[in-house]
Amino acid sequence: MLLPKKLYHGSAYRHTELMPGFNRTGSLVEWDKTENNKFLYATADRDSAIELGFASSIEKKFYLDRFKSSGRMLLIETPDKTLTVSKLYELDVFLYDIIVTVNDGWVKNNNQHNGITTEFKTPKTITSIEKCEKINVREWLSNFDVQIKTVNQSQESLRSDPAKFMDW
């Protein structure tokens, strides 16, 4: 399998090295039937990495039930009634440019649930970071229509709060 020369990783945190979240916390988190925090995930697509970092940042500060992007639409489903678009502006998102080396252990992820065909994963700690950039979330979100839905445990919609970023 041919690996890209560069991968991107989005995160809610700034670090000098990247590692699977499980290695930092000791707590297992399973996101879907195939992905968990025992691996570090990165993609060859910069925009996808920013979206993943944004979703990760929401998950760290609020309870995130579902995050979906499609074109210019971002859908956020959460039981947290306090989540608003204004609070999304306050989130930290960092984008890492990773130089791929043979020792990093990257393998193609092949997750059929998230539809990202350019995603790779590794169980290793990565230090070959070329650059770490803080994303201006307010500016980045101006490219999307964001819909926040408050859902209860049975996934029934309690409130729909569509927000359009047309005033910027």
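Which residue forms a salt bridge with Arg72? Asp145 does, with the closest N and O atoms 3.6 Å apart. We will come back to that pair after a look at the model as a whole.

## The model and its confidence

This is a predicted model, in which local features need pLDDT of at least 70, side-chain atom pairs count only at pLDDT 80 or more, and totals for chains, interfaces and linings use all residues. Residues are numbered from 1 along each chain as its sequence is written, and side-chain values use heavy atoms, with hydrogens and water left out.

The chain has a mean pLDDT (the predictor's confidence in each residue, from 0 to 100) of 87, and 90% of its residues reach 70 or more. Please treat residues 155-168 separately: there pLDDT stays under 50. For that stretch the model has 40 contacts (heavy atoms within 4.5 Å) beyond four places in sequence.

## Overall layout

Four helices and ten strands make up the secondary structure; helices (H or I, at least four residues) and strands (E, at least two) are DSSP runs, numbered from the N terminus. Along the sequence they follow the pattern β-α-β-α-β-β-α-β-β-β-β-α-β-β. Among contacts between residues at least 6 apart in sequence, 68% join residues at least 24 apart.

Of the 168 residues in the chain, 41% are buried, where buried means under 20% relative accessible area, exposed over 50%, and partly exposed in between (1.4 Å probe, protein chains only). The accessible surface (Shrake-Rupley method with a 1.4 Å probe; for residues, only the protein chains shown count as cover) comes to about 9500 Å². Carbon and sulfur atoms account for 49% of that surface.

## Two nonpolar cores

A nonpolar core here is a set of buried Ala, Val, Leu, Ile, Met, Phe, Trp, Tyr and Cys residues joined through side-chain atoms within 4.5 Å. The largest one has 23 residues, and those with the most contacts inside it are Phe54, Ile58, Ile76, Leu88, Trp140, Leu141 and Val146. Helix 2 (46-61), strand 4 (73-78), helix 3 (85-88), helix 4 (137-141) and strand 9 (145-151) each supply at least two residues of this core. The largest share, five residues, comes from helix 2.

Leaving aside neighbours within four places in sequence, Phe54 is in contact with Phe67, Leu74, Ile76, Leu88, Leu91, Val93, Val137, Trp140 and Leu141. A second, separate core of eleven residues includes Leu7, Leu40, Ala42 and Ile98.

## Around strand 7

Strand 7 pairs with strand 2 (residues 40-43) in the antiparallel sense over four bridges, and with strand 6 in the antiparallel sense over two bridges; two strands count as paired if DSSP finds at least two bridges between them. Lys121 in strand 7 stands opposite Tyr41 and also opposite Val107.

In a regular strand the side chains alternate between the two faces of the sheet. In strand 7, Glu119 and Lys121 point one way and Phe120 and Thr122 the other way, and all are buried.

The loop between strand 6 (107-108) and strand 7 (119-122) holds Asn110. Asn110 has a positive phi of about 55° although it is not a glycine, and is exposed, with a relative accessible area of 52%.

## Salt bridges

A salt bridge is a side-chain nitrogen of Lys or Arg within 4 Å of a carboxyl oxygen of Asp or Glu, and by this rule the count comes to eight. Back to the opening pair: Arg72 and Asp145 form a salt bridge. Arg72 is partly exposed at 48% relative accessible area, whereas Asp145 is buried at 18%.

Arg66 forms a salt bridge with Glu77, the closest N and O atoms being 3.7 Å apart. Arg66 belongs to strand 3 (residues 66-70) and Glu77 to strand 4. Lys6, Asp97 and Glu130 are linked in a network of salt bridges. Asp97 lies in strand 5 (residues 94-99) and counts as buried at 6% relative accessibility.
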